[in-house]
Amino acid sequence: MFLKILTNIRFLAGQALPLRGNWNKECKLEFGSNFHQLLILRCVNEKELQLWLYQSTEKYTSPKMQNEMLQVLALAILKELSSSIHASEFYTVMVDESADVSNEEQVVICIRWIDDDLVAHEDFVSLKPVAKCTSDMIFNVIKEGIEQMNLKMSNLRGQCYDGAAVMAGHKNGVAAKIKEENPKCLYTHCYGHALNLCIKDACSNVPTLTETFAVAKEICKLIKKSPKRETLLKKLQKENDNDIKSVHAFCPTRWTIRGDTL
């Protein structure tokens, strides 16, 4: 029965579905969670599982057990990745930080490595919350992530971040701190961030593009703030076989034109 419960955890985690979902927090009833509902669904064809769930204790379905199972699965994946990277010997670390929906800063760590067939792999290995985005704290998070993968800092050959002073600073940035430990680890400004800065700067200095984005922003506001106009837009899309689902504004952290954000 334990293995059946573990397969439920693996399925929900593989589909990026929350285990608890819309469970009743006031009454603390777990039976409304995705995890328990999936178990109940499986009970239709497995009577032994149904009898197991009616037990009062030792069911291995508590939130604590769910978290432990997720941790075991995560460690198994990291162990497999670690063995593959070890075979490659040298690797590059890629790091970025961002605030999530709860306004908590998270540091993401990815490892880039090359296999024997010269195929490049980029694997996500860690997501760590940090109290402050200082160079010391991010450096420690990166070092812990590398040690968790049982990798050697001496085999680190590249580091890729955005151009923020905390990450790329020549004196106290994360790149400088890592280079102190391993002089062979070269810093590369993330091409994606660099391209975004170039496009933003180009658009901000071309009057035609500036006006185009300004008009696009106003059109988005005109439609999104009126359910009547948005309904009319969907009707026109359907009549013209347009697959675009809706109108979306530009990312507020990526475009700034004439002091305003798009």
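Strands here are DSSP runs of E with at least two residues, helices are DSSP runs of H or I with at least four residues, and both are numbered from the N terminus. Two strands count as paired if DSSP finds at least two bridges between them.

This is a predicted model, in which local features need pLDDT of at least 70 and side-chain atom pairs count only at pLDDT 80 or more, while totals for chains, interfaces and linings use all residues. Residues are numbered from 1 along each chain as its sequence is written, and side-chain values use heavy atoms, with hydrogens and water left out.

**Stop 1: the sheet**

Select Thr-92 and its bridge partner in β2, Arg-112. Then select Ala-99, whose bridge partner in β2 is Glu-105. The hairpin of β1 and β2 has five residues between the strands; among them pick Asn-103, which takes a positive phi near 65°.

Which way does β4 (residues 156–161) run relative to β1 (residues 91–99)? The two strands run parallel and are joined by four bridges. Val-93 has Gln-159 in β4 as its bridge partner, and Met-94 stands opposite Cys-160 in β4.

Colour the whole sheet. It is an open sheet of five strands in the order β3-β2-β1-β4-β5, with mixed pairing. β3 and β5 (186–189) are the edge strands, each pairing on one side only. From one strand to the next the twist averages 25°. For the angles on this tour, axes are lines fitted to C-alpha atoms, for helices over the stretch in contact, and angles run from 0 to 180 degrees between N-to-C directions.

**Stop 2: helices on the sheet**

Select α4. This helix lies across β1, β2 (105–114) and β3, running at about 45° to β2. Then select α7 (residues 174–181), which packs on the sheet and touches β4 and β5. The direction of α7 makes about 175° with that of β4. Contact means heavy atoms within 4.5 Å.

**Stop 3: α1 against α4**

Two packed helices are described by the angle between their axes and the distance between the axes. The axes of α1 and α4 come within 10 Å and cross at roughly 70°. The two helices are therefore roughly perpendicular to each other. By the scheme used, angles under 35 degrees count as roughly parallel, over 145 as roughly antiparallel, 65 to 115 as roughly perpendicular and the rest as oblique.

Show the side chains at this contact. From α1 come Phe-2, Ile-5, Leu-6, Ile-9, Arg-10 and Ala-13, which meet Met-65, Gln-66, Met-69, Leu-70 and Leu-73 in α4. These residues divide into nine nonpolar, one polar and one charged. Ala, Val, Leu, Ile, Met, Phe, Trp, Tyr, Cys and Pro count as nonpolar, Asp, Glu, Lys and Arg as charged, and the others, Gly among them, as polar.

Stay on Met-65, which lies in α4. Not counting residues up to four places away in sequence, Met-65 touches Phe-2 and Tyr-60. Met-65 and Leu-6 are 59 residues apart in sequence and 9.9 Å apart in space, C-alpha to C-alpha.

**Stop 4: the largest pocket**

Centre the view on Leu-70, Ala-74, Leu-75, Ile-77 and Phe-124, which lie nearest the centre of the largest pocket among its 16 lining residues. The elements giving two or more residues to the lining are α1 (2–14), α4 (63–88) and β3 (120–129). Which of them gives the largest share? It is α4, with eight residues. By class, the lining has eleven nonpolar, four polar and one charged residues.

**Stop 5: α9 and α10**

Finally, select α9 (residues 207–224) and α10 (residues 227–239). These helices pack at an angle of about 105°, with their axes 6 Å apart. That makes α9 roughly perpendicular to α10. Leu-222, Ile-223 and Lys-224 in α9 meet Arg-229, Glu-230 and Leu-233 in α10. By class, this contact has three nonpolar, no polar and three charged residues.

Definitions and conventions:
On a 1 Å grid over the protein atoms alone, a cavity is a set of points where a 1.4 Å probe fits but cannot get out, and a pocket is an open set with protein on both sides within 12 Å along at least five of seven lines; lining residues have an atom within 4 Å of a point.
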